[in-house]
Amino acid sequence: MVFSIYAWITIITILVTFGILLFTKLRSDLVFLSVIGVLFVTGVLDVNEALSGFSSTTVAVVGVMFVVVAGLTYTGVLHWMVKNMLGRPKDYKRALLRLMIPVAVLSPFLNTTTVVAMFVGVVKMWARKVKMKPSQLLIPLCLAGNMGAVCIILVLPSNLVVSGFYESNSGHVMGVLAPAIPGLFGLLAGMLTVIALRHLLPERKAPEAVFESTGDYTVELLVPSDNPYVAKRVGPLGLNNVVGGSLIELRHFDDDRIMSPVPDKEPLMGGDRLVYAGQIDDLLELKKKFGFVSADHFVFHYSEVDTSRRLRTAYINFGSSLINSKIGNGTFERDNNVTLVAVARKGKRIEQAPREVVLQAGDTLLLECPPNMNIDTTVLGQQLHFFDSTDVPNIGRQTLVSTAIMMVMVALTVSGVMSLLQSAFIAAGAMLIFRCCSPSQAMNAIKWNLLATLAGSIVLGLAIQKTGIAAWISQGILSISGSNPLIVMIAVCLVAAIITEFLSNTAVAAIIVPIMYSAAIQLGYDPLPFLIALIMAANSSLATPVGSSVNMLVYGPGGYRFSDFIRIGVPVKLAFLAASIILVIILYPLTPLNT
C-alpha cells in the first residue's frame, strides 16, 4: 500500500505525540490540542472533523458526569462509604478483601480517580489501626479501582471512546453492561492474584512518616534581624547539637558560602539560614524557643510572620512543573502564599537546604499554609497532592438525595429508557436543583484538561481511520496472524496492553479502536467481541505507576519504587486479561457478519 502525504503526516504526528507524552513533562491536554491543530492546518482533517472530538457524545458524557460526581462528593456519599466499609479485619487477607471489594464496586459508577483519592487518606489511617504499612494496601487499592472501572460503560472515558466508535461506525449501540461479566471475571482473577501474591507487596515507609522519625528530612530556619540571639555564637547557644536533631549547614545573609560543619565559634547574624536534620516536633520547638522563622525572604521582625499558618504535607505529582527545579530559584512560595519548611525523599534525609533541593516526582514537602486555604481550588493543587483535606462533607438529607439521583440515572440507562447522555444530563440538573452541589462547585469539578485530552485523542483516532492507516495496520496484522480471528484479537489486545502501561488508557483506546474495528471487518466478523476485548486490554494499566493517573495517586503516599508496581502488577495484569478475554470469547462468539 502506498501512503498519501496525509497518512505520513498522521504517522509522524502519532510518533511525535508518543515521544512527547513519554519523555517530556508537557501537559497532555496541550499536546492533544496541538495534535488537532496540526491535523487541521495540514489538511488531514477538515474543520468539522477537527472539531468532532469536542462535539462527540463521549466528551459530553464525561463532562456531565463530573457534575454528578461533584454532587455525590459534596454531600458526603463517598466519604460515608469509605468510613463505613473498611471495619477491622482479622488478618491481611481479609483486609485486602475489605478494601478492594468496595473500591471495585464504586469505580464503574463514579470517576475512578475520585474514588481512589477519597480512599487514600482513610486507608493510611486505617493501616495504622490494623497495624499494617500503607504500602501494603495502596497498590491493591488502585488495582481494584482500575479493574473495577472496566465493568460498565458509564464514566470511564476509554470505555466511552470504544462504545462511541462502535455506535458511529456500525449503527448499533454497545450496551452499558456489555463488558460487565468479562470485566467481573477479570476483576475476580486479579483480586485472587493479589491475595495469593500478597507477599510481593512491599513494606515501604510512607512519605509523611518521614516527618515523624529522626534524621529523615531537612528543615531550613531563618534568623530575623532583630532576634535577641544575633551576634552570639552558635556553640554556646547550643544550636549545633539540639534535642532530636543537628545543625548541618549555615549560610550568612551577605555571604554565598555554605558552612558545613558549622564551627561552634561562628556568630549568628540577622538573615542567616540554618539547615537542620532531625525530628520535626523537636525542631519546631527549637524554632519557637529561639524565635526563628520559616520564610522565603528576608525578615526583620518576628511579627512579620503569620503565626496562624499551619503545617501541611504533600507530595509532588507526576507531571508537576516543580520536577527538576529548585524552590529557591523561582517564585513558587510567593505565588501560592506558602512557605517551604522541609523536604524528604523516600524516607531518607537530603543533605541540602530544602530550597536548594532539585525536586523529583514523589518528593514530600512540609509547607506552611494559610489556615483557611482551599488547596483544591488553587494551582497548587495541580502541582502537589496533599495528605490532608480541608473539605469535610456533612452527612445528612442531601446525602440520601444525591444517592437516589445516582441510582435513578443508572436505572434509566441500564433499562434502555434513556441514553447515557440523556440520563446524565438529568442527574446533573437534579444535583444542582436539589443543591447537592453549587453551580461554582459543579464548574470547578469539571476537569477541562481531561476533556481537551479526550477530544484530541478522538480526533487522532479519526485521522488514523480516514487516512487508511488503520486498514493498513489491520492488513499487516492479518498477514502475520493469518485469518484466525482469535489470534488477531489477541495480537491487537497485546499491543494495546503494552502501550497502555506508558500512555493514558483513553489515548490507547482512541488510537487502537479503529485498528481493531478494521481488522474485524476485513476478516468478515462482527466487531463487537473484538472491541469488548479491547476495552479489557486498553484499561489494563496495572504494571507501572505512569500508565494511569490512579496509579500516580498512590505512588507518592505509598513511598513506592517503580519496580514495586511491576513486581505485583505484571501477574495481576496477566490474570485479569486472560480471565476477561476468555469470558469475552465465551459470551460473544466470533461470528461472521453474513450469518
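## Exercises on a predicted protein model

Among contacts (heavy atoms within 4.5 Å) in the protein between residues at least 6 apart in sequence, 78% join residues at least 24 apart. This is a predicted model, in which local features need pLDDT of at least 70 and side-chain atom pairs count only at pLDDT 80 or more, while totals for chains, interfaces and linings use all residues. Residues are numbered from 1 along each chain as its sequence is written, and side-chain values use heavy atoms, leaving out hydrogens and water.

**Exercise 1. Find how many helices and strands the protein has, and what percentage of its residues is buried.**

Step 1. Start with the elements: there are 24 helices and eight strands. Helices (H or I, at least four residues) and strands (E, at least two) are DSSP runs, numbered from the N terminus.

Step 2. Now turn to burial. Buried means under 20% relative accessible area, exposed over 50%, and partly exposed in between, with a 1.4 Å probe and protein chains only. Of the 595 residues in the protein, 56% are buried.

**Exercise 2. Work out which residues touch the most other members of the largest nonpolar core.**

Step 1. Recall the term: a nonpolar core is a set of buried Ala, Val, Leu, Ile, Met, Phe, Trp, Tyr and Cys residues joined through side-chain atoms within 4.5 Å.

Step 2. The largest one has 144 residues, and Leu141 and Met174 touch the most other members. Helix H21 (residues 505-523) gives this core its largest share, 13 residues.

Step 3. Look around Met174. Beyond its neighbours within four places in sequence, Met174 contacts Ile153, Val162, Ser163, Tyr166, Leu528, Leu531, Ile532 and Ile535.

Step 4. There is also a second, separate core of 21 residues, with Val219, Leu221, Leu237 and Val242 among them.

**Exercise 3. Decide whether serine 158 is buried or exposed, and find which side chain its own side chain meets in a polar contact.**

Step 1. Locate serine 158 in helix H9 (residues 157-170).

Step 2. Serine 158 counts as buried because its relative accessible area is 1%.

Step 3. Its side chain makes a polar contact with the side chain of asparagine 539, at 2.5 Å. A polar contact is a pair of N or O atoms within 3.5 Å; within protein, one must be able to donate a hydrogen and the other to accept it, and residues adjacent in sequence count only if both atoms are side-chain atoms.

Step 4. Leaving aside neighbours within four places in sequence, serine 158 contacts Asn505, Thr506, Ala509 and Asn539.

**Exercise 4. Find what surrounds tyrosine 92 and glutamine 136.**

Step 1. Tyrosine 92 is in helix H6 (residues 92-106), and glutamine 136 is in helix H8 (residues 135-148).

Step 2. Tyrosine 92 is classed as buried because its relative accessibility is 16%. Glutamine 136 is buried too, with a relative accessible area of 12%.

Step 3. Setting aside neighbours within four places in sequence, tyrosine 92 contacts Met132, Gln136, Leu137, Arg198 and Leu201.
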